[in-house]
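Dear colleague,

Please find the structure below, followed by an account of what was found in it.

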Amino acid sequence: MSDPDQEWDEGDPERLYVITRGRGGLSQRAALDLVTLIVARAEPHPSMQPEHAAILRMCHYPLSVAEVSAYLRLPMSATTVLIADLLADKRVEARAPVPKALLPDRALIEAVMHGLQKL
Amino acid sequence: MDFKSSDTVVAPGPFAGPRSEDILPASAATAVKVVIVGGFGVGKTTLVGAVSEIRPLTTEETMTQAGADVDDNAGVERKTATTVAMDFGRISINDELVLYLFGTPGQQRFWFLWNGLFEGALGAVVLVDTRRLEVSFDVIGRLEERGVPFVVAVNTFPESPSYPVEELRAALDLPAEVPIVGCDARRRESGRDVLMSLMRYLYSLTNPERP
Ligand SMILES: Nc1nc2c(ncn2[C@@H]2O[C@H](COP(=O)(O)OP(=O)(O)OP(=O)(O)O)[C@@H](O)[C@H]2O)c(=O)[nH]1
Ligand SMILES: [Mg+2]
């Protein structure tokens, strides 16, 4: 902790990305949490940007935004832009996490405890 | 530097998806998260890995050195970027509910990188090493400020001095109700017990009238 900078990976220029201003879906993007579950609602198509097609393929079953980011090997910010594109086109469905205002919820906590007991 | 001028994303392919055994059921409807926070090398990744049903994954975020938003500046090529990674794991609670665990370093500047990391989190586990208790002071203060409920898990390393719980509580200036538990982050049952104490604590918070 004394020298936190040494813990940082140097950014690889190849991994950097640029997203133009005015890209749509900003509000949808803001609503995407790390644990929002994404489910494909359309088939991938060869004419699509490869990242979009990859998301549709991997989200055949529900997958969190964080997992999509990990499998795409893209930063969260880039991942949410891509998912927002697909949301805007209704090609994916987003299953939102429990709203903060409802936490902590007794039934939810009980369910989690019950699930953990099986671990 | 190579920057694309279009709105495309530079990404190394091919894109792997989850392994078949890592697929969630179609019925998975809601996810919740718990954040494991602690100093460097305190055992965050080990703890996540011990309880996770999937091999821990890594998500990352880039940060420009100046800390400014990339979108704000057309002259992006002048900036150097830093990548910060966060490990996470997953536990399926039942057919509909999934719990995600995120391990993040203690400094607040890392937290800001992930939009809403603590927003909507059930709670947090502060992982501490008694050899370096001081790194936890700031973390605990920040969580209290943000109103994020947490438990403290003391990871036992061979050379770590062991203190009576009440001494730790005093040293960390923790209120009496915040649980302090010991753990061996390498053991699944131990990690599970830490999460259980967090859940029991959260449960007690839903019922302030409890005797
Ligand atoms: N004896 C012992 N060793 C542990 C325990 N937890 C982790 N370790 C070891 O401590 C080292 C660091 O653990 P990590 O899980 O990588 O710690 P981390 O907090 O994720 O570290 P950074 O991500 O680098 O900040 C590893 O070599 C682990 O094997 C524990 O409970 N007991
Ligand atoms: Mg780690």
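In this predicted model, H1(B) (residues 44-51) and H5(B) (residues 188-206) pack with their axes 8 Å apart, at an angle of about 100°. Helices here are DSSP runs of H or I with at least four residues, numbered from the N terminus; axes are lines fitted to C-alpha atoms over the stretch in contact, and angles run from 0 to 180 degrees between N-to-C directions. H1(B) is therefore roughly perpendicular to H5(B), a term that covers 65 to 115 degrees. H1(B) contributes B:Leu47, B:Ala50 and B:Val51 to the contact, and H5(B) contributes B:Arg188, B:Gly191, B:Arg192 and B:Leu195, where contact means heavy atoms within 4.5 Å. By class, these residues are four nonpolar, one polar and two charged (Ala, Val, Leu, Ile, Met, Phe, Trp, Tyr, Cys and Pro count as nonpolar, Asp, Glu, Lys and Arg as charged, the others, Gly among them, as polar).

H1(B) also supplies three residues to the shell around ligand 1, the largest share. Of the 15 residues in that shell, B:Lys44, B:Thr45, B:Thr46, B:Asn155 and B:Ala185 come nearest (a residue is near if one of its heavy atoms lies within 4 Å). The shell comprises five nonpolar, seven polar and three charged residues.

Oxygen atoms of ligand 1 lie 2.8 Å from a polar side-chain atom of B:Lys44 and 2.7 Å from a side-chain N or O atom of B:Thr45. A nitrogen atom of ligand 1 is 3.1 Å from a backbone N or O atom of B:Thr156. The protein covers 67% of the 650 Å² of accessible area that ligand 1 has on its own (Shrake-Rupley method, 1.4 Å probe).

In chain A, H3(A) (residues 65-72) and H4(A) (residues 76-88) pack at about 110°, their axes 9 Å apart.

Residues are numbered from 1 along each chain as its sequence is written, while chains are lettered from A and ligands numbered from 1 in the order written. Local features need pLDDT of at least 70 and side-chain atom pairs count only at pLDDT 80 or more, whereas totals for chains, interfaces and linings use all residues, and side-chain values use heavy atoms, without hydrogens and water.

Yours sincerely

Methods:
A polar contact is a pair of N or O atoms within 3.5 Å; within protein, one must be able to donate a hydrogen and the other to accept it, and residues adjacent in sequence count only if both atoms are side-chain atoms. Helices (H or I, at least four residues) and strands (E, at least two) are DSSP runs, numbered from the N terminus. Angles under 35 degrees count as roughly parallel, over 145 as roughly antiparallel, 65 to 115 as roughly perpendicular and the rest as oblique.
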